[in-house]
Structure formats: structure tokens, C-alpha cells
Amino acid sequence: MEQKKDSNRKRSLAAWFFRLGVLCCAAGLIIGLANLWNIEREYSEGDSVYEQLRSEFSPSAGIPRSDPEAAEQSAAGEVQSGEPEDGAPGSARAAVDFAALQKRNPDTVGWIFCAGTAIDYPIVQGPDNEYYLARLFTGTSNAAGSIFLDYRNSPDFTDRHSILYGHNMKNGSMFASLTSYRDPEYFREHPQFLLCTPEKTYSVEIFSGYSAGAEDEAWRISFDSEEEFADWAAQEKEKSCFESDITPSGTDRIITLSTCSYEFEEARFVVHGILRPVEQ
């Protein structure tokens with residue numbers, strides 16, 4: 001009799017553990033699906049916000065994104081002919097209505113664009129390098145964050161070295177495409193960016209791109225002399241995954257685009273370019 005009772009207790013206990021396991025699996029599945037839904041929702045929300053901003057403010061607005069050559073000509077080509085006034089059709093500055101954009105977000109300092117890529121975003125600058133990590137341009141909390149200028153930099157990009165940060169999103173948005181510069185062919189196809197600011201428009205001529213670690217000086221801002229700056233720039237060029245004909249000098253202004261990379265712990269992929277004012 002006791003043996004039978006023990007056997008029944010064991011079966012009841014086994015059944016109870018089985019039901020608990022099923023419940024735990026179900027709960028885990030529900031949590032996983034909820035997390036997945038939240039990720040997809042944030043991707044969709046971020047894409048929607050930035051696509052709307054592009055349609056209103058991008059220097060390539062009105063040009064199909066499937067036609068990168070036309071977009072590049074629209075954003076940069078027209079400004080090289082003649083001397084149009086600010087606001088005239090031939091001015092790249094006119095293509096980005098910064099007055100209206102800054103009404104949406106007073107932290108706006110520029111717009112970054114690269115034809116044939118997903119990089120086509122407003123640039124903001126927060127009180128530190130944390131604020132916009134998980135906030136969209138609109139201020140909404142979102143893992144996509146924003147493209148933002150280092151808080152230590154001058155907002156008009158007049159420093160020797162200015163740094164832009166953006167996430168490496170799995171859907172290819174924000175600065176995810178920067179890691180493609182590991183391939184020299186990608187560099188040959190995308191050798192420059194366009195940077196529009198309220199004051200000037202610049203061509204960003206890329207000269208280096210590589211995976212940087214915590215020990216690298218890719219994010220250095222302070223330099224004591226032109227010689228020291230030139231030495232730093234030369235070292236950054238030597239680390240590049242591709243060869244560029246551009247050689248930075250101590251009098252140049254350099255902008256760095258930085259995003260997460262995953263080759264090793266705390267890896268970042270950085271792309272360095274020289275700011276060249278576009279004649280208007």
C-alpha cells in the first residue's frame with residue numbers, strides 16, 4: 001500500500017513539474033514574442049520618423065532613392081555652378097530648410113547624406129553623448145536613436161576634428177552601412193559624403209576607415225599644434241582598410257563617423273574624411 005502511495009506521489013510530482021515546465025516555456029515564448037514585437041515596432045517607428053523628415057528636408061528630397069546618381073547630382077552637383085544666393089534653386093543650403101528643421105528640434109546642427117546608401121539623416125547635438133543614443137530626432141524613446149555630434153565639438157563643425165555617432169542597426173539603418181567600408185570596392189563606389197549645415201555645405205572626402213578599439217585615438221579631439229594634428233591624421237590613414245589618394249594636412253578639418261562593430265569587444269568602425277567647402 002505504501003509503495004502504491006509513493007508511486008502516486010511521484011507521478012503527481014512529475015506531472016506538476018511537467019505542467020510547470022510547460023508554463024515556463026509558454027511564458028518564455030510570450031516574453032520572446034513581446035520583445036520581438038517591440039523591436040519591430042521601434043524599427044518601424046524610427047524608419048517612419050526619418051523617412052518623413054527626408055521627404056521634407058533631405059538635400060535629395062523628391063529624387064527616388066533607387067536612383068543614387070540623380071540623388072547625388074541633386075544634393076551636390078547643382079551647387080557647383082554659378083553663385084546662387086541662399087535660398088536659390090541651385091543652393092544645397094536651400095535644399096535643407098534649417099529654420100524649419102530647428103523649429104522641430106532646436107538641437108539640429110546639420111544633415112549628413114551619402115548617395116546610394118541609407119545615410120540621409122539630420123544631425124543633432126545633445127548635452128552629452130548619451131542623450132540621443134536612444135532618442136529619435138523627435139525626442140521619442142527609441143533604440144535607433146539619432147545621428148549626433150559629439151557634445152565637445154563646436155556645432156558649426158569648425159573644430160579640427162568633429163565626430164558623428166550613429167547606431168549600427170540590424171535593419172541597415174542609421175550608420176550600419178559604414179562597416180561596408182571594410183571592402184575597398186565599396187569605398188570606390190562611395191568615396192564621399194555631403195554635409196549640410198546652416199552656415200555652409202561641405203563635401204566629406206573620405207581617406208580612412210577601420211575597426212577601432214578602446215586603445216585607438218580615433219576619437220581624439222584636442223591637439224596642441226598643426227604638426228600634432230597632421231601626425232594623428234597620418235596615423236589614422238595608415239590604419240585604413242582601403243587606399244585613398246587623399247592625404248590630410250595639419251590645416252584640414254576632419255570629420256569622423258563612428259558606429260558599433262563586432263569583430264572584438266567594444267569594437268567600433270570609424271570612417272574619417274576631410275571637410276571641403278562646396279562653392280556656392
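Me: How much space lies in the largest cavity?
Reply: About 40 Å³. This is a predicted model. The structure holds 1 cavity of 30 Å³ or more.

Me: Which residues line the largest cavity?
Reply: The lining is made of Tyr 43, Gly 46, Asp 47, Tyr 50, Tyr 121, Ala 144, Met 169, Asn 171, Ser 173 and Met 174.

Me: And which helix gives the most to that lining?
Reply: Helix α1, residues 2–57. It gives 4 residues.

Me: How do the lining residues of the largest cavity divide into nonpolar, polar and charged?
Reply: 6 are nonpolar, 3 are polar and 1 is charged.

Me: Switching to aromatics. How many aromatic pairs are there?
Reply: The count comes to 10. One involves Tyr 50 and Tyr 121. Their ring centres are 5.2 Å apart and their planes stand at 85°, so this pair is edge-to-face.

Me: Where in the chain do Tyr 50 and Tyr 121 sit?
Reply: Tyr 50 is in helix α1, and Tyr 121 is in strand β2, residues 120–124. They are 71 residues apart, so the pair links distant parts of the chain. Both tyrosines also line the largest cavity.

Me: Now the strands. What do they close into, and in which order?
Reply: A barrel of 8 strands. The order is β1-β2-β3-β4-β7-β8-β6-β5, with mixed pairing. Neighbouring strands of this sheet are turned by 30° against each other on average, ignoring direction.

Me: What holds paired strands together in general?
Reply: Backbone hydrogen bonds, in either a parallel or an antiparallel arrangement.

Me: Do β3 and β4 run parallel or antiparallel?
Reply: Antiparallel. Leu 149 stands opposite Leu 164 in β4.

Me: Which strands does helix α6 lie across?
Reply: Helix α6, residues 226–238, lies across β4, β6 (201–212), β7 (254–260) and β8 (268–277). It runs at about 60° to β6.

Me: Where does the largest share of the pocket lining come from?
Reply: From β7, with 3 residues. Taken as a whole, the lining of the largest pocket has 6 nonpolar, 6 polar and 2 charged residues.

How values were computed:
Residues numbered from 1 in each chain as written. Predicted model: local features only at pLDDT ≥ 70, side-chain atom pairs only at ≥ 80, totals over all residues. Heavy atoms only, no water. 1 Å grid on protein atoms, 1.4 Å probe; cavity = no way out; pocket = protein on both sides within 12 Å on 5 of 7 lines; lining within 4 Å. Points joined across faces, edges and corners; volume = space filled by probe spheres on them. Helix = DSSP H or I, 4+ residues; strand = E, 2+ residues; numbered from the N terminus. Nonpolar A, V, L, I, M, F, W, Y, C, P; charged D, E, K, R; others polar. Pairing = 2+ DSSP bridges. Axes fitted to C-alpha atoms, helices over the stretch in contact; angles between N-to-C directions. Contact = heavy atoms within 4.5 Å. Phe/Tyr/Trp six-rings, centres within 6.5 Å; stacked < 30°, edge-to-face > 60°.
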